[in-house]
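Hello,

Here is the structure I promised to pass on to you.

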Amino acid sequence: MDGEKVIDAEMIIGYLHRSMEKLAEERTYTQNIPFTDRTDYLAAMTGNLAYVMAVEKLMEIDVPERAHWLRTIMAELQRFASHCMAAGTFANDCGTWQTPVMHMIRDREKILDLFEMACGARLTTNYMRIGGVSRDIPPEFLPAMATLLKELPDRVSEYEDLLLDNEIIIARSRGIAVLTAEEAIAYSLSGPMLRGSGVAWDLRKADPYAAYDKVEFDIAVGTNGDAYDRFAVRMAEMLQSLRILEQCADMITEGPIHARMSTSTVQPVGDPVAPLVIRPPEGEAYARIESPRGELGFYIVSDGGPAPYRFHIRAPSFINLTPLKKMTVGATIADAVVVLGSVDIVVGEVDR
Amino acid sequence: MPILAEWYDFRDLGNAMGALQDQILDWGAPDWVPYVVSGIIAVVGILLWLLVSQIIFIWIERRVIGLMHNRIGPNRVGPMGLLQGVADAIKLLLKEAVTARATDKILFWAAPIAIFIPAMVVFAVIPFGEGMVLSDLNVGVLFFVAIGSINTIAVFAAGWSSNNKFALIGAMRQIAMLISYELVQVFAILGVVIMVGSMRMQDLVGWQADNDVWMFAIQPLALVAFIIAGLVEVNRSPADTSEAESELIAGFHTEYSGIKFGFFYAAEYFATFALCGVIVTLFLGGWTLWGVEEWVPGFLIFLTKLYAVFFIFIWARGTLPRLRIDQLMTFSWKFLLELMFVNILVVGLETLIWREQGYDAATVLPIFGVINWVLAIGLVFLWARMLGHGTPRTAGKRATLTQELGAIYYEGAGSPGA
Amino acid sequence: MTKFLDGQEIAHQIEQKFPQAVVDAQPEFAMIEADKLIDVCTFLRDDDDLDFTFLNSLTAVDRLDTFEIVYHMTSMRLNHLGSIKTSTSEREKPVVPSVTFVWPGAHLQEREAYDLMGIVFDGHPDLRRIFLWEGFAGWPLRKDYLNMPGHMAGLERFPGEPGKKLEGRGNVDA
Amino acid sequence: MEDTGTVVAFWTLAIMTIGSALMVAIVRNLIHAVVFLVLSFMGVAGLYITLSADFVGVAQILIYSGAISILVIFAIVLTPQAGRDNAETSMRLPAAILAVLVATMLGYAAVETAWIKCGETARLPCFPDAEGFDGTAQAIGNALLDKYILPFEIAAALMLVAMLGAIIIVRAEGTEGTAEE
């Protein structure tokens, strides 16, 4: 730094590096599922979903209808909760004394209660299984979600009015860390970072997985790729998630929650249909979903054994950090904090 | 003014003090003894009041901000958490005051004291009641500004001696802001002094009592500028860039711990009390309330107003995000200062006409009030637009929603769907 | 729906431009010669009907005798996903050309592959370890990492502990 | 002036001012020197007040210890070569002799001249400080604006020119850094 101005920015990471990719090679496919919620601990459901979809792609299992709906509901709830944290802490970096964060965390708590109702855990859910979901949702889940969906939309629009039109937040984040559309694509950014720069690319629309092709929603896009637009995109996505959840709530079908697997020996809880040890055929698969931070992909190479031969996680937070130096050099210290806030990284995912 | 000026007339503690002084003289003490005695009693009284209200206000502030955050706030220590302030004080006392090896020992030790003194000395001038002002300087208001300017040195000493890069940046930021907002503060006070005609605090209060009008009704612009400049000087919420947690850990008092940090913490609160006191005296009619002070003791009215203004500061702290240092500077130089020049020009003209023609106050003051209010609102909008506030660049905007996959909406990328 | 462009089709396209660049074409990927990688990638990115402007992910896989680098790419305009691979059989100091100039997004991912797998990307502007500290001995993600001669798995539990051979899944000669 | 309070105040302030002035010269660290300088400014302000020139005293605090000291500090901090300490110069002895000479000369002048007591001549009326002291701000204001209006305007113009000069210098230096708002 030279006085207030930042001359050079160096990223020192690796403090939370648990070498998940090495550990995963020692454990069977089902044992690896808990790893995936600990990479992006703010969006555990989407982590599980991505890994499970990769293995299903490898073994060509087709998941029953109700499991698709349950996965979509859980993924969208997780996106809303994760964006609550992201938007709140961004406003915090702009200097508000934790007021917006507290309000948003209060909403996030309600969603975590829903998770607890569905799968017993609030943060590290470990809810999805290869071929379906581990448990069906209790009868009082949908009514609880319905009441939540009644009150959340106007609360989010209240946050939008309070934060997006706030004179000081506009002054603090407008024009900071601007990335053009071409740069965003070249730096292979994804999620709100990419859409903030104006590129309308959302994997839920481009490559619809689970039940996303049956629901109606829009992609939120910013126009001039600065910290303010990424913040606006996240707020708009929260509203879209609520819209998806309403449609899922009344379109969900009854039926089995887990695919019938061929070598079914030991069965999991409830209506057990999956074998404890899964041996996918030799080959490789790359499956990716739209996690709240971007394109979360799992590249699995299998050699027919019980454990994956190579287990690679394409972490959006890690790759979204590539242009960090370009964004912060030249700005002041106060801006550097806002830039990091707008990138919205989760260190567990950056370091894997 | 007090109906019965006996010593037991508690509407104004000044009477008791006066009676005490005569008593000492009767006992044949030399003439300077009563001054010393009353001085000490008054100082001890103010200090006690300050400490007690600080402890209460630590609790109130954290409680109010807690409620704003939709959480409860401190309720562990003592009934309803009331002893939170005391707990903080004891904690700070017991904590070990670490001095880093590479610090500049003498300055590092002197800085907290140097910050604490101005925060205390300012109270010599603030009138709590009709007779209750420690030293009735007839340059009272100027004294307040002068003492305010001293803590720039103390801030620099703290930042420089703790030999820590962020502390120095914090100190430099604070100095830059103090200097630029001192000008605004002086001009805001100038407007008031021109209209009242004297710098003595008691005259200011007296003038507002006689004309049965509060100064902020006549000069809103001066009040707004004074509050903003005060917020910056005391470095509270929207302008707490010098100890912004997210950027500079704790600004110039990063290296301090234990009771030294306690001094900084207390100094910040006392400075805010002093600021609220001056705001109340200058703009909100000090200890008068349209004749109510005949019955209700003057200093109680003064304290309620003071705490009300303090509440506004807490409210600002709970809601407003922080401005960047250069935005704060441009705000002061390019916006507030010009408004203050215009304000003084207008007020000067008004008082000139008023004094020359010799109109009586009742007719002319409402007219001045209206003129100034219209002027204030018009000026703020006009000047803001001139500085580019109304333009789309600074308007809040939602994200655009689209169904078109792969389309590019970037302003620089030409039409969508590229 | 994102169309998965299979290996043969990509290999066919590349054949026209660079005759002997493609080593082998599988349904999932097209194996490309290591030294022709840079111009193939620039071609893939700039060609209009392929238009792979977005690099999804870059992964290094240790196939015991060779190192494979897998590139997944997407085209946002045409909404299709393709993947190519290169491989190098060098064990001691595997060198692969760096694609950071084609896709700047590969910058950190290549540093990660270097840090965990030991693959040197020549032409990379700033090839340093990204997760582990500079003095770390060995490349953790390699299959034979656990019993590299004399190297402890990262931290010695106490100074001077002899380099024990750990039986792990990965010892090659077991 | 004669009642005991002011006499005590005068002597303490005098000692404080001279003491800190001496320390400015003696102390090693330059920053400490500045802090002592500020202390001496305050001492001088105190002396003004003992002479019941309250406006000038408060103005002294505001201008000297508030603004000019910051100027001096910025000067010290921003000049990199300043070794931050009073360098050891070979001229110590001659400087000491010179200082003593100047001190004696001033002392002699202070003691010998016949100061005019207030009230002796028409020009210098005594301030009636017995009953209620109405403050000097009024008098200074009137003097500035009717008797010394010309120097007042010239000073104002001078300051304006100085400020414009400063801005131009900074502007030329920092043209690339000014990000448009």
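**Where chains A and B meet**

In this model, which is predicted, 47 residues of chain A are in contact with 41 residues of chain B. On the side of chain A that touches chain B, the elements giving two or more residues are α4 (65-93), α5 (99-119), α6 (141-164), α7 (167-173), α10 (203-206), β3 (219-221), α11 (227-251) and α14 (333-343) of chain A. Among these, α7(A) gives the largest share of that side, with five residues. Sorted by class, the side of chain A that touches chain B has 23 nonpolar, 14 polar and 10 charged residues.

You will also find strands pairing across these two chains. β3(A) is joined by three bridges to strand β1 (residues 400-402) of chain B, and the two run antiparallel. Within that pairing, Leu401(B) in β1(B) stands opposite Ala220(A).

**Where chains D and B meet**

Chain B has another partner to look at: 24 of its residues are in contact with 21 residues of chain D. At least two residues of the side of chain D that touches chain B come from each of α1 (4-26), α2 (30-50) and α3 (54-78) of chain D. The largest share of that side is the 11 residues from α3(D). By class, the side of chain D that touches chain B divides into 11 nonpolar, seven polar and three charged residues.

**The nonpolar core**

The largest nonpolar core has 289 residues, and those touching the most other members are Val339(A), Ile115(B), Ala157(B), Ala171(B), Ala225(B), Ala274(B) and Ile279(B). Helix α6 (residues 165-196) of chain B provides the largest share of this core, 17 residues.

Leaving aside residues up to four places away in sequence, Ile115(B) touches Asn151(B), Ala154(B), Val155(B), Ala158(B), Phe263(B), Phe264(B) and Ala267(B).

**A helix in chain C**

Finally, which residues of helix α2 (residues 37-46) of chain C are buried? They are Leu37(C), Val40(C), Cys41(C) and Leu44(C). Looking down the axis of α2(C), these buried residues fall within an arc of 95°, so they line one face of the helix. The buried residues of α2(C) pack against α1 (7-17) and against the strands β3 (30-32), β5 (66-75), β6 (80-88) and β7 (95-97) of chain C.

Enjoy exploring, and write back with any questions.

Best wishes

Terms used
Residues numbered from 1 in each chain as written. Chains lettered and ligands numbered in written order. Predicted model: local features only at pLDDT ≥ 70, side-chain atom pairs only at ≥ 80, totals over all residues. Contact = placed C-beta atoms within 7 Å. Helix = DSSP H or I, 4+ residues; strand = E, 2+ residues; numbered from the N terminus. Nonpolar A, V, L, I, M, F, W, Y, C, P; charged D, E, K, R; others polar. Pairing = 2+ DSSP bridges. Buried ≥ 20, exposed ≤ 12 C-beta atoms within 10 Å, placed from the backbone. Arc of directions from axis to C-beta. Core = buried A, V, L, I, M, F, W, Y, C linked by C-beta atoms within 7 Å.
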